[in-house]
Amino acid sequence: MSISLPPEIFKAYNDAVDNIWNRSITLVYPELREECPNCTFNGLRSNGVYKTGGPYPFEAGFLCPFCEGAGFKMIETTEVIKARIYYSQKDWIKVGPQVQLPNAAAQIVANMKDLPKLQQCKYCIPHYYDNIDNYNNQKLQRISDFYPQGFLQNPQKYVVTFWTAYNESQG
């Protein structure tokens, strides 16, 4: 026998989860190569010619002060999402007995709509409370696949992922 619950119950539940447990997490995506706005680019490197309107004028034949002669800059992009983060394994949502991650340092539970963002990011930086962020810029990288989470009747679905300390040499 299946019991059908009114949608208002799930709205109240989702609002409570979002307002009480969620915190901001900055997702950092892999760097993208962006052509230098300050000099002309020949496909390999800077031509050493200032591009009109660029931020740092320089004389022809010298290295561009913006890209240092590369002709491009590697630009890192970020985005902030809301999610729950658990550091203590005793608080982790159970996703099945098959999950054995000895290096896992955190579990992140996010809205299912943010799954593509979590899959594409290079690492994330959790935000804490009351300006504690300034004391700890912990970087985490995803080490697991995703695990769907949520009540069958709830239109709001969540995703569970596991993370460990970010390894700069692998990034």
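Reader: How many aromatic pairs does the count come to?
Author: This is a predicted model, in which local features need pLDDT of at least 70, side-chain atom pairs count only at pLDDT 80 or more, and totals for chains, interfaces and linings use all residues. Residues are numbered from 1 along each chain as its sequence is written, and side-chain values use heavy atoms, with hydrogens and water left out. Rings of Phe, Tyr and Trp (its six-membered ring) pair if their centres lie within 6.5 Å; planes under 30 degrees apart count as stacked, over 60 as edge-to-face and the rest as tilted. By this rule the number of aromatic pairs is six.

Reader: What kind of pair do the rings of W92 and F162 form?
Author: The ring centres of W92 and F162 are 5.2 Å apart, and their planes stand at 65°. The pair of W92 and F162 is therefore edge-to-face.

Reader: How many residues apart in sequence are the parts that W92 and F162 tie together?
Author: Helices (H or I, at least four residues) and strands (E, at least two) are DSSP runs, numbered from the N terminus. W92 lies in the loop between β6 (78-86) and β7 (106-111), while F162 belongs to strand β11 (residues 158-165). The pair therefore ties together parts whose separation in residues is 70.

Reader: Are W92 and F162 buried or exposed?
Author: Buried means under 20% relative accessible area, exposed over 50%, partly exposed in between (1.4 Å probe, protein chains only). On that scale, both W92 and F162 are buried.

Reader: What kind of pair do the rings of Y123 and Y166 form?
Author: The centres of the Y123 and Y166 rings lie 4.4 Å apart, with planes at 35°. The pair of Y123 and Y166 is therefore tilted.

Reader: Where in the chain is Y166, the partner of Y123?
Author: Y123 is in strand β8 (residues 123-126), and the pair links distant parts of the chain, 43 residues apart. Y123 and Y166 are buried. Y166 is in the segment after β11.

Reader: The charged end of which residue sits over the ring of F72?
Author: A charge sits over a ring if NZ of Lys or CZ of Arg is within 6 Å of the ring centre and within 35 degrees of the ring normal. For F72, the charged end lies 3.8 Å from the ring centre. The residue over F72 is R33.

Reader: In what sense do strands β3 and β4 pair?
Author: Two strands pair if DSSP finds at least two bridges between them. β3 (residues 39-41) and β4 (residues 46-50) have two bridges, and F41 stands opposite S46 in β4. β3 and β4 form a hairpin with four residues between them, and G43 in the turn has a positive phi of about 100°. The sense of the pairing is antiparallel.

Reader: How many residues are in the largest nonpolar core?
Author: A nonpolar core is a set of buried Ala, Val, Leu, Ile, Met, Phe, Trp, Tyr and Cys residues joined through side-chain atoms within 4.5 Å. Those that touch the most other members are I25, L27, I108, L118, C124, L140 and W163. The number of residues in this core is 16.

Reader: What is the relative accessible area of E68?
Author: E68 is found in the loop between β4 and β5 (72-75). E68 has a positive phi of about 55° although it is not a glycine. E68 is exposed, and its relative accessible area is 64%.
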